[in-house]
Amino acid sequence: MEFESGHRIKVAGAGDFLTVQEKLGEGGQGTVYRVVYREKEYALKWFFPGTLKCPEEFHVNLKRNILDGPPAPAFLWPLFLTEETEGSFGYLMELRPQRFCSFTDILNAKERIVKHSARVNAALTIVESFIALHRQGKSYQDLNDGNFFLDPSDGSVLICDNDNVAPYGVNLGIAGKCRYMAPEVVLGEKPGMQSDYFSLAVMLFLLLFLSHPLEGEKVIKSVCLTDRHEVRHYGNSPVFIFDPANASNRPVRGVHNNAIALWPLYPAFLREAFVRSFTEGIQRKERRVSDNEWLRLFIRLRDEIVVCGCGGENFACPEGPSGDGTFRCLSCGAALTAPLRLNTQKFSVAIAPGNRLYDCHTSEGSMDCRTVTGEIIRNKKNPALWGIRNLSDSPWNTGMPDGTGREVLPGAALPAFRGIHIVFGGGCRAEIV
Ligand SMILES: [Zn+2]
């Protein structure tokens, strides 16, 4: 059964109707329509009658999610339920804007994220969204690349199909996909916070390396992935493709070229986090990288971006690929000098024009990586001179290498020289080295 254009369905609890415009697509659980409700366009997901395993529980859970509201802006969240009719029901959510493409298309190379900054922004948004979801005591349950949408130009993220989001311990009968599950969940355990950490690590690995962390030589050898093989590779004996102590599942040239090419481009601190997640973290859940740790790691990664004169973005980690103080631009091959760094207690920001300071850099105890508090700028008259502009709303105290000091008011800038000390209004201290 499909609804024709013009079909009207009553919205639950409101007494008024939505009007179907056109069918947009179809998934395993139901059909999605573009509809109009109260003169605004929405997407309606309508469930196929009889496909939900626990329809009562599912309905109650969905209703509660609507009342709780979205945990973070990236969630394309259920907004209104319809009345039950024709043996089923549906819910309304915002329409997904055209600029977003599915993560599946990115993994299949139909779409490409070109800029590091966009990729890091996507990673940060996914991590922030999971932190917010966990704060509500919920888990996603049905993580897979068909549920994530990205704007490849800037890394904006939309997380869709949120009808399976449920509190920890509640299982709505959604199986999920083995490739995204923690090994213990593949083997039948209930998902929890730490299994979500594993799934999050898989998601982030896919985003950065466009390859699956557990799919290498060993998996290629089992010609087709039957259910039994899936349980073996993702459940019983998963092996990380870059496990330093086990080379049995290395990426295969010609098949896993992305993993081979992209792995060395990232700073060691980030690679180490993935190694920990997919080696020790396979058996010892408490060793997995938590969502808050991922947040800090991706803030650090964003701090490493240096834009070359050609416009190409590079990572400038001190212990990075070359290690000798210079590195080559990935886009044009020019030799770039390792930048000065602004070191705080927790972070180290590459002093490169365009890089920004955020509240997490300048305020004690803050992990807010979105509120801009400063920016690295070029002097307009002399582009070789760089400075740091105070974009926060409180003055900074700075100490120059010669012992003099001055106050940098909001909107004003200081030169970015080695040896300068800064005490930000938010309490953090920094030194340029
Ligand atoms: Zn370049």
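What share of the 433 residues in the protein chain is buried? Buried residues (under 20% relative accessible area, 1.4 Å probe, protein chains only) make up 50% of the chain. The model is predicted: local features need pLDDT of at least 70, side-chain atom pairs count only at pLDDT 80 or more, and totals for chains, interfaces and linings use all residues. Residues are numbered from 1 along each chain as its sequence is written, and side-chain values use heavy atoms, leaving out hydrogens and water.

The protein chain holds 12 helices and 25 strands. These are DSSP runs, numbered from the N terminus: helices are H or I of at least four residues, strands E of at least two. The radius of gyration, taken over C-alpha atoms, is 24 Å. Along the principal axes, the C-alpha atoms fill a box of roughly 80 × 55 × 40 Å.

An automatic or database assignment sets the domain bounds. It gives domain 1 (8-93), domain 2 (101-294) and domain 3 (339-432). The C-alpha centres of domain 2 and domain 3 lie 35 Å apart. Contacts are heavy atoms within 4.5 Å. Of those with a separation of 6 or more, 56% join residues 24 or more positions apart.

Helix α9 (residues 268-278) is mostly covered, with 9 of its 11 residues buried. Among them are Phe 269, Leu 270, Phe 274 and Arg 276. The cover over the buried residues of α9 includes α5 (193-209), α10 (280-283) and α11 (291-303).

Conventions
The radius of gyration is taken over C-alpha atoms; the globule rule is 2.2 Å times the number of residues to the power 0.38.
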